[in-house]
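Please open the model in your viewer and keep the selection tool at hand, as this tour moves from one selection to the next.

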Amino acid sequence: MRFDIQFLSFFVLQVEGKEGQTNKNYKHYQTLDEDEYEESEIKKFLHAEFTRTAKRKVEKNPGTEQPPTKIGTFLVEPGHELTSNPNFNLFTRLRAVDNKEDFKNACDDLVRSYLETSSVRGGALIITQAKLDTHFDDPFIFVMKCDFEQRIARISDERSLISEVEMAISARNMKSIQYPHMPEEGMIEEWELKIHQSSHARYFEDFLKYITYEQSIPEIVNERVMDYVQTYVEEKWPDATNLERQQEEHDLELWAASEKRDIQEKWEPQHVIEAAERIVEIKPEIEIKMKLGDTSIRGLLADYGYRLHIAKLGDHYAMVIEGDAFTFDKGFSPVELLQPEPFEVVARRLVDRANEAPEREDDIPY
């Protein structure tokens, strides 16, 4: 996969002052056409980034709540065309121009809009119109943001050896937008673009106000679980004014808002299995993570009730995990030499231990 650069505009953003009292401006350094780009120094710095950006893996429903790479879809009111979306029109204009001056003017509009974002930082903003050499006559637009790297030293010559660059840019943690999104080579989605921003600040989401993003898998799972919980409450207490129902809804609200949650002991195992099966239909690889005491457990939600079991053991809990074989990490442990006892023997010992009543302090003779 190789991109041929048609036009490239290079801007430097300058943001001074503290948040709420910032002075933002930009300077256009240069706009290059195809021949000028091929002879430029920036090609050595940037060219590999186009292929890297296009090949970067992305999922419509990502596995984490804040993934660095997302697919965005243009928002359109029912009955309206894509051309009613201002963000789509901005990228369409950049794709349509066929001379340096028009491209630079279109880039000016994008840069001014980008500077209006609340948390924008200084750096270099590079906007490129590029064609894939093996597919498509219509070009792609790449928007790449490089932050300034302070106090970078480089070798200059044999006499001074090193010199300091006050405003250097680096491809490390480069943020990018690619339009249109290319799910696989030879296929494009004109309704979609791909954004990549590795930092916590969501500059591009702030900048692209008329773009929507699909829910992540954790968000979908959370939503489904809460739907099941609400259905459970409504079926058990049909009357919304019932005091028990109101207390249950209050307790569940506190449970859902807690960062660290304990087992609730509300549903029968079969009820949990049925709810888990419907969630796993979304994505079979959905994980379940928990801690029992000081032991961390990580597995597949699909295994609950089949290979992963939770039981009450007196005032404690026990977890039983089935599997075909053990795999140990590097570093030896005496546990690796174990000849496992039959399950019944271990279970009997645990039950006996749980049944041994602890000696209470008021039973101790003085």
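The lining of the second largest pocket holds 18 nonpolar, three polar and six charged residues, where Ala, Val, Leu, Ile, Met, Phe, Trp, Tyr, Cys and Pro count as nonpolar, Asp, Glu, Lys and Arg as charged, and the others, Gly among them, as polar. This is a predicted model, in which local features need pLDDT of at least 70 and side-chain atom pairs count only at pLDDT 80 or more, while totals for chains, interfaces and linings use all residues. Residues are numbered from 1 along each chain as its sequence is written, and side-chain values use heavy atoms, with hydrogens and water left out.

Stay with this pocket and select helix 9 (343-355), which supplies the largest share of its lining, six residues; helices (H or I, at least four residues) and strands (E, at least two) are DSSP runs, numbered from the N terminus. The space in the second largest pocket comes to about 1,100 Å³, a volume being the space filled by probe spheres set on grid points that are joined across faces, edges and corners. A pocket is an open set of points on a 1 Å grid over the protein atoms alone where a 1.4 Å probe fits, with protein on both sides within 12 Å along at least five of seven lines, and its lining residues have an atom within 4 Å of a point. Of the 27 lining residues here, Met319, Ile321, Phe326, Phe343 and Val346 are the closest to the centre.

Next, turn to the largest pocket, with about 2,200 Å³ of space. Select Trp255, Arg261, Ile288, Lys289 and Met290, which are the closest to its centre of the 47 residues that line it. Which element gives the largest share of this lining? Helix 6 does, with nine residues. By class, the lining of the largest pocket has 29 nonpolar, four polar and 14 charged residues.
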